[in-house]
Amino acid sequence: MIEAQAISWAVASVDNEEIDRINILQASFKAMHLAISRLTRPPGLLLIDGNRFVPYAQTPHHCIIKGDGKFASIAAASILAKTHRDAYLLQLHEEFPQYGWDKNKGYGTAEHRNAIEAYG
């Protein structure tokens, strides 16, 4: 419903090598910037879920702690991020079922950590 009815939306990610190179927080900011650059309509204001953000171009922004519970647009962005992540992890699970991507959603569960130990 969000994808069908939103004025504009985009999802982006960075790969594990980039995360290792620049760290997870900077990679999160980079993915946000990539998603913003893919919007078909440039935003006039960015509402960021959390307490930090690297400014994007000349677009003003507000950081809102627990913003997904306060603003529908932040909640929608969170839903898009999670549903796209989950779809990606199901694809990974097809190729690498030993890691349990279909269950752990990328979180470091005991099962996942054990699989990393066993399979690298």
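Mentor: Contact means that heavy atoms lie within 4.5 Å. This is a predicted model, in which local features need pLDDT of at least 70 and side-chain atom pairs count only at pLDDT 80 or more, while totals for chains, interfaces and linings use all residues. Residues are numbered from 1 along each chain as its sequence is written, and side-chain values use heavy atoms, with hydrogens and water left out.

Trainee: In what order do the elements of the protein chain run from the N terminus on?

Mentor: Helices (H or I, at least four residues) and strands (E, at least two) are DSSP runs, numbered from the N terminus. The protein chain has six helices and two strands. Read from the N terminus, the order of these elements is α-α-α-β-β-α-α-α.

Trainee: What percentage of the residues of the protein chain count as buried?

Mentor: Buried means under 20% relative accessible area, exposed means over 50%, and partly exposed lies in between, with a 1.4 Å probe and protein chains only. The C-alpha atoms fill a box of roughly 50 × 35 × 25 Å along the principal axes. Among the 120 residues of the protein chain, the buried share is 24%.

Trainee: How far apart are the end C-alpha atoms of α4?

Mentor: The expected span of a helix is 1.5 Å times one less than its number of residues. The 24 residues of α4 should therefore span 34 Å.

Trainee: Which residue of the model makes a polar contact with the side chain of H93?

Mentor: A polar contact is a pair of N or O atoms within 3.5 Å; within protein, one must be able to donate a hydrogen and the other to accept it, and residues adjacent in sequence count only if both atoms are side-chain atoms. H93 belongs to helix α4 and counts as buried because its relative accessibility is 17%. Not counting residues up to four places away in sequence, H93 touches G100, W101 and D102. The polar contact, at 3.3 Å, joins the side chain of H93 to that of D102.

Trainee: Why does N104 count as buried?

Mentor: N104 lies in helix α5 (residues 101-104). Apart from neighbours within four places in sequence, N104 is in contact with Y99, T109 and H112. A polar atom of the N104 side chain also lies 2.9 Å from the backbone oxygen of Y99. N104 counts as buried because its relative accessibility is 4%.

Trainee: Which residue has a backbone nitrogen reached by a side-chain oxygen of N23 at the start of α3?

Mentor: N23 is found in the loop between α2 and α3, and is partly exposed because its relative accessible area is 39%. Its phi is near 90 degrees, a positive value in a residue other than glycine. The side-chain oxygen of N23 comes within 3.0 Å of the backbone nitrogen of L25.

Trainee: Against which elements do the buried residues of α3 pack?

Mentor: Helix α3 covers residues 24-37, and its 14 residues should span 20 Å, in agreement with the 20 Å between its end C-alpha atoms. Its buried residues are A27, F29, A31, H33, A35 and I36. They pack against α2 (16-22) and β1.

Trainee: Is I65 buried or exposed?

Mentor: I65 is placed in the loop between β2 (61-64) and α4 (72-95). Leaving aside neighbours within four places in sequence, I65 is in contact with D49, G50, N51 and K70. Because its relative accessibility is 52%, I65 counts as exposed.

Trainee: How far apart in space are the C-alpha atoms of F71 and D49?

Mentor: F71 is in the loop between β2 and α4, and counts as partly exposed because its relative accessibility is 35%. Beyond neighbours within four places in sequence, F71 is in contact with L47 and I64. F71 and D49 are 22 residues apart in sequence, and their C-alpha atoms are separated in space by 9.3 Å.
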